[in-house]
Amino acid sequence: EETLRAISAFPQSLAFSQSFKGFVDLVNERGKGVIQINYAGGPEMFPPNQQVDAVRRGVIDMQYGPASYYLGTMPEADAWVGSTVTATAARENGGFAIMQEAFSKKLGVNLLAHLDAGVKFYIYTINEPKRTDDGGVDLDGQRIRSQPIYNAFFEALGAIPVSVPVPDVYTGLERNTFDGSGWPIVGIRDLSWDKFLRYRIDPGFFQTDLAVVINPAKWEGLSDDAKKVLNDAAADYEKISYDNFQKVIEETDKAVRDNGMEVITLEGDAQAKFLDLAYDSAWKRMKDSGSEHYDALRKAYYDR
Amino acid sequence: MFLLRIYNLLILGLAALGAASLIFISVAIIIDVLLRNTGYRPFQSTSAIVEYVMLFSTMAAAPWLVRTNGHVAIYSFVGAMPDRARLLAGRAVLVLAILTLGLLCWRSAAVGLEMVQSRAVDMRSINIPSWVLYAMLSGGFGLMALEFLRLLLRGETYTGSGGAH
Amino acid sequence: MAWYEAATLMICGLLFLMFFGMPVAIAFLAINIVGVYIFMGGMIGIDQLVANASTSVTSFALVPVPLFLIMGELLFHTGLAIRVFDALDKCFGGIKGRLSYLTVGGGTIFATLSGSSMANTAMLGTTLMPDMIKRGYKPHMIMGPILATGGLAMIIPPSSLAVLLGSLARIDVGALLIAGLVPGLVLALMFIATIRVQIALDPDAAPGYAAERASFREIARALAVDVLPMGIVVFAVVGLILLGWATPTESAAFGALSVVALSALYRTLSWEAVVRSMTGTLKVSAMMLMIIVGSTTFSQILAFSGASSGLIAFATSFELNAYLILAVMFLVLLILGMFMDQLSIMMLTLPIFMPLVGVYGFDPIWFGVIMLLALELSLATPPFGLLLFVMVGVSPPGTTIGKVAMAALPYIVCTLLLVVLLAFFPQLALWLPGLIRN
Ligand code: NA
Ligand code: NA
């Protein structure tokens, strides 16, 4: 029996890490006597943006975390950020295989799975956003707390992306230091930000880019049985975790609405324009980086 | 001797630069906040630069701190030893410090070169090549090792008694 | 390697190097190399150590450390601090140990401004220490109160640690922040009582001179000219947060700016004062951040080796009643706090503690406050208490860690007492959040 030691980019108590634990449990159940995963820890062992390097070096066997943390080194991560298809669909249409090649070439690790996909990002605001004549939102000059993956999108909207460390965000929202924030739909309540962010702009954009990677030498050393258990579990859990998060999304959406959060829904042309700006910002970033996989990835991952 | 003078200037100059960089980030943050609150667009680069300066000022000042006994050390135990034992302990500490910092200087440089080859980029509020951080680490560790070596060659030991005032 | 073997190797190795006079920061790095070589498998471990080190201080959350230091050094070197002390001497001439009380009072005010204990302690230390020594205060009457009130910054809101704890433990962040207010103030009162007792026990601890009681006119003038303008400094920090102009991190820069402006108004801003202030800032800030480079990576290796999780699993494996399990959890936090940084401790313990909190039916907010107090203590407990090193760094030559730790001891006891109080009277923490919720 082989044992792999795994870490996650998020602390173990958070929702995404719990979902990864579900994957670990699945492998451990199916892999009795063949392969086991020991989920050892999170950022208390390795800083999140150094974890994939730790897997490449072989300090740890397996890691789970956002691919976009390595966007600077592997521009192809934007294919997941800007994707509109499910992980399962991309596994079937060949997109996943291209991503495996990119992970291997640029980051030096084997890509095993794209878990927890289908969770979108949203713009939340403290005050009701102004509307444009064509039914869109006018965020011109609004200061929105941002992260590198959506800086370009916010700028395209005319908003001012503000970079604020997470611990400062609560006080910042309380005191109106900025006007809103981007955040995935799940997790907005974990930080109590929903107390101040009373408006959500729908639709959501982008999607989660959480990868499970494994050290290449370790992978080569595994038995064929072990590899099969891992690959099958990866493909199955991509589906399972997608479905799980659809439920979580539904519950969160209901909870925040019950709590009085107002949802501003963009329709028709305004919606199309909004989403174009979002997705174009991600795909343009990959194109500008000169990735050789741009066309193939766009074909596989983008069907808007 | 000329080289030594240059070297001494380097240690002091880096420390001065480290202090100046702290003033710089204060001003940068003030400008950033003012721009944000007056409807202008703040610089995207500010937060990334501020974060980098935190390491830069530390690594730039660390060798000078060795020279001025500014790194805190626990001296009470060693201070109670007889003279010969104290000297021996002091030398051993210097040698160990040189080895530790020398090794870290070498490996930081090696990892930095790896980053140059793989064109790795550190993505913060702006993109910065990953090797920059490792260059700072390597330089800081290396110069600290040299400063400890200087103490060893001069027959001195490190006391860590350079209080701030 | 069993968890206790790994722990023994890392911790005893570190203590050994530190006691032989190796600079604390270098001792961490040296033992880290040994640790990664064994646990991470040779040279690749050292490369990983370097990689981890590259992110240890490149964090916006640490920015208040140098910025508050600039503020404190400028207050001292431009003579603004001394003006305030002289003015207060005029008002409270008769009260023995007034500057110790002032430390607690001023420190508590700054705790409501700042979310970072390290920054707060360093700032108080650089501002108050030199003048108080000149005035004949015994060092423990200076260092104790500074260490103690420095730690208040993360109990009294705003507190970046409370926000992190709330989000990691899924405790309502707003309620947790508010819950810290009353215990924080109670703690400040206990500190004041401690000073009073210390002076009663040792009347020579604080200077005995009775400054002449000034006339009312003089007092009014001194307050208006020397103390009131300090309001600008307070406003620059807290006012900008309240107005929503700046985040707690950013406002530290405005604190420094306001001291520059104020000293320019008083015509005490000289080139020499600036150079001295920046020299002092750089010394303390680089010393601290260098230790953080070493200690953050030390925490990470301790976690990776399984030493920390082994201890937690071992300690919580017993069947205990509610009070005992609380005591065990607190003890685990204290022990980990001696060697690890706060964020790592939270990430390690919360996955195990929060289910226990659920099983035993503890109120999560109340538990959060107790946990904050334990984490606050970790900064002041030897052998590795960052605030202890900060105090040594800002103190006159010859100050030892042992002396600083002894000075902190009575105040550590206060915090322990408060934890016991909280265990029996949870309302101390829960009353205010309950009031606001309803
Ligand atoms: Na505070
Ligand atoms: Na400690």
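**First stop: a loop in chain A**

Begin by selecting N176(A), which is found in the loop between α7 and β10 (180–184) of chain A. This residue has a positive phi of about 60 degrees although it is not a glycine. The coordinates on display belong to a predicted model, and its scores are ipTM 0.94 and pTM 0.92.

**Two further selections in chain A**

Next, select D202(A) and P203(A). A cis peptide bond joins these two residues, with omega at about 5 degrees. P203(A) itself is part of strand β11 (residues 199–205) of chain A.

Then move to helix α5 (residues 95–107) of chain A, which contains both K105(A) and E101(A). The two residues are 4 residues apart, about one turn of the helix. Their side chains meet in a salt bridge, at 3.0 Å from N to O. Side chains of opposite charge can pair when their charged atoms come close. Over all chains, the count comes to 31 salt bridges.

**Where chain A meets chain C**

Display chains A and C together, and select the residues in contact. Chain A contributes 33 residues to this contact and chain C contributes 39. The area buried between chain A and chain C is about 3,100 Å², of which carbon and sulfur atoms give 61%. How many salt bridges are found across the interface of chain A and chain C? The number is 0. By contrast with that search, a search for polar contacts across the interface of chain A and chain C finds 13 residue pairs, both residues being at pLDDT 80 or more.

To see which elements of chain A take part, select α2 (51–57) and α7 (166–174) of chain A; these are the elements that give two or more residues to the side that touches chain C. The largest share, 5 residues, comes from α7(A). If the side of chain A that touches chain C is coloured by class, it shows 16 nonpolar, 9 polar and 8 charged residues.

**Where chain C meets chain B**

Now hide chain A and display chains B and C. Here 61 residues of chain C are in contact with 61 residues of chain B. About 5,400 Å² is buried between chain C and chain B, and carbon and sulfur atoms give 79% of that area. In chain C, select W245(C), L282(C) and K283(C): these residues lose the most area to chain B, together 12% of what that side buries.

Across the interface of chain C and chain B there are 2 salt bridges. One of them can be inspected by selecting D47(C) and R107(B), whose closest N and O atoms are 2.7 Å apart. The count of residue pairs in polar contact between chain C and chain B is 6, with both residues at pLDDT 80 or more.

Several helices of chain C give two or more residues to the side that touches chain B, including α1 (3–19), α2 (24–39), α3 (43–56) and α15 (271–304) of chain C. Which element gives the most to this side? The answer is α15(C), with 11 residues. By class, the side of chain C that touches chain B has 43 nonpolar, 14 polar and 4 charged residues.

**Along chain B**

An unreviewed UniProt entry lists residues 6–35, 47–66, 86–110 and 131–153 of chain B under "transmembrane region". Select residues 86–110 of chain B: the chain is 100% helix and 0% strand there, and the end C-alpha atoms are 36 Å apart. Residues 131–153 of chain B are likewise 100% helix and 0% strand, with end C-alpha atoms 32 Å apart.

**Last stop: colour by confidence**

Finally, colour the chains by pLDDT. The mean for chain B is 92, and 97% of its residues reach 70 or more. In chain B, where is confidence lowest, and where is it highest? It is lowest in helix α3 (residues 76–79) of chain B, at a mean of 80, and highest in helix α5 (residues 131–153) of chain B, at 97. Chain C averages a pLDDT of 87, and 97% of its residues score at least 70. Where pLDDT is low, the predicted coordinates should not be read in detail.

Definitions and conventions
Residues are numbered from 1 along each chain as its sequence is written. Chains are lettered from A and ligands numbered from 1 in the order in which they are written. Side-chain values use heavy atoms; hydrogens and water are left out. UniProt positions are given in the numbering used here, feature names are shortened, and annotations may be inferred rather than shown by experiment. pLDDT is the predictor's confidence in each residue, from 0 to 100. Contact means heavy atoms within 4.5 Å. Buried area is the accessible area (1.4 Å probe) that two parts lose on being put together, summed over both. A salt bridge is a side-chain nitrogen of Lys or Arg within 4 Å of a carboxyl oxygen of Asp or Glu. A polar contact is a pair of N or O atoms within 3.5 Å; within protein, one must be able to donate a hydrogen and the other to accept it, and residues adjacent in sequence count only if both atoms are side-chain atoms. Ala, Val, Leu, Ile, Met, Phe, Trp, Tyr, Cys and Pro count as nonpolar, Asp, Glu, Lys and Arg as charged, and the others, Gly among them, as polar.
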